[in-house]
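Trainee: I would like to learn how to read charged pairs and strand pairing in a model, one feature at a time. Could we take the general idea before each case?

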Amino acid sequence: MKKVIIIGCPGAGKSYFAKKLHSITGIPLYHLDMIWHKPDKTHIGRVEFDETLKRIFPNDAWIMDGNYSRTMEMRMHACDTIILFDIPYEICMQGIREREGTKRDDMPWEVVEADSMLLNEVKSYIPQQLPKVYQLLDKYKHNKEVIIFNAREEAEKWLMKITF
């Protein structure tokens, strides 16, 4: 486990997990939201985003936290470990609500309240995005370590067991 992507629905707990995994392993952590978004809530262009990812891929080790479905297969191809948070909708919505009014180090701004675009992304993730993620996992499961968490507690237990 040297090149890890952490994917799943917004609010599932990916960033929290990524920070803990980084703390345990010392592997450099890249929050894709920090790469994509600017502090003024605009974002960089797709080409710049893709080029940034491609500059990270050759490094000896990294953790990438974020779903970003457009670049998911590119990241799956480059990694050795895929961690999917397949968490129920209600838990993800709770996670979104819990981040309101907080300044986080995985976003370039304070989340005052969840915007409608994010809420719609959470609502559509399980029926629309998750089946596509599982199709990609089927493609890569033979040459990548694939770890799927269906509850945050599973992720916490897994973190307690790993040694690095």
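Trainee: Does Asp50 count as buried or exposed?

Mentor: Keep in mind throughout that this is a predicted model. Burial is judged from relative accessible area, with buried meaning under 20%; Asp50 has a relative accessibility of 14%, and therefore counts as buried.

Trainee: Which residue forms a salt bridge with Asp50?

Mentor: The general idea is that side chains of opposite charge can pair when their charged atoms come close. Here the partner of Asp50 is Arg70, and the closest N and O atoms of the two are 2.8 Å apart. The pair links distant parts of the chain, since Asp50 belongs to helix 3 (residues 46–56) while Arg70 sits in the loop between strand 3 (62–65) and helix 4 (72–78), 20 residues apart.

Trainee: How many salt bridges does a search of the whole structure find?

Mentor: The search finds eight, and one of them joins the side chains of Lys19 and Asp105, with an N to O distance of 2.9 Å. Lys19 lies in helix 1 (residues 14–25) and Asp105 in the loop between strand 5 (102–103) and strand 6 (110–111), so this contact ties together parts that are 86 residues apart in sequence.

Trainee: Which residues are linked with Lys19 in a network of salt bridges?

Mentor: A residue may take part in several such contacts, and the network here consists of Lys19, Asp105 and Asp106. In the salt bridge between Lys19 and Asp106, the closest N and O atoms are 3.9 Å apart; because Lys19 lies in helix 1 and Asp106 in the loop between strand 5 and strand 6, that pair ties together parts 87 residues apart in sequence. The accessibilities deserve a careful reading as well: Lys19 is partly exposed at 29%, Asp105 is exposed with a relative accessible area of 52%, and Asp106 is buried at 0%.

Trainee: In what sense does strand 3 pair with strand 1, and with strand 2?

Mentor: Strand 1 (residues 3–8) and strand 3 pair in the parallel sense over four bridges, with Trp62 as the bridge partner of Lys3. Strand 2 (residues 29–31) also runs parallel to strand 3, joined to it by three bridges, and here Tyr30 stands opposite Met64.

Conventions: Residues numbered from 1 in each chain as written. Predicted model: local features only at pLDDT ≥ 70, side-chain atom pairs only at ≥ 80, totals over all residues. Heavy atoms only, no water. Salt bridge = Lys/Arg side-chain N within 4 Å of Asp/Glu carboxyl O. Helix = DSSP H or I, 4+ residues; strand = E, 2+ residues; numbered from the N terminus. Buried < 20%, exposed > 50% of the residue type's maximum accessible area, 1.4 Å probe, protein only. Pairing = 2+ DSSP bridges.
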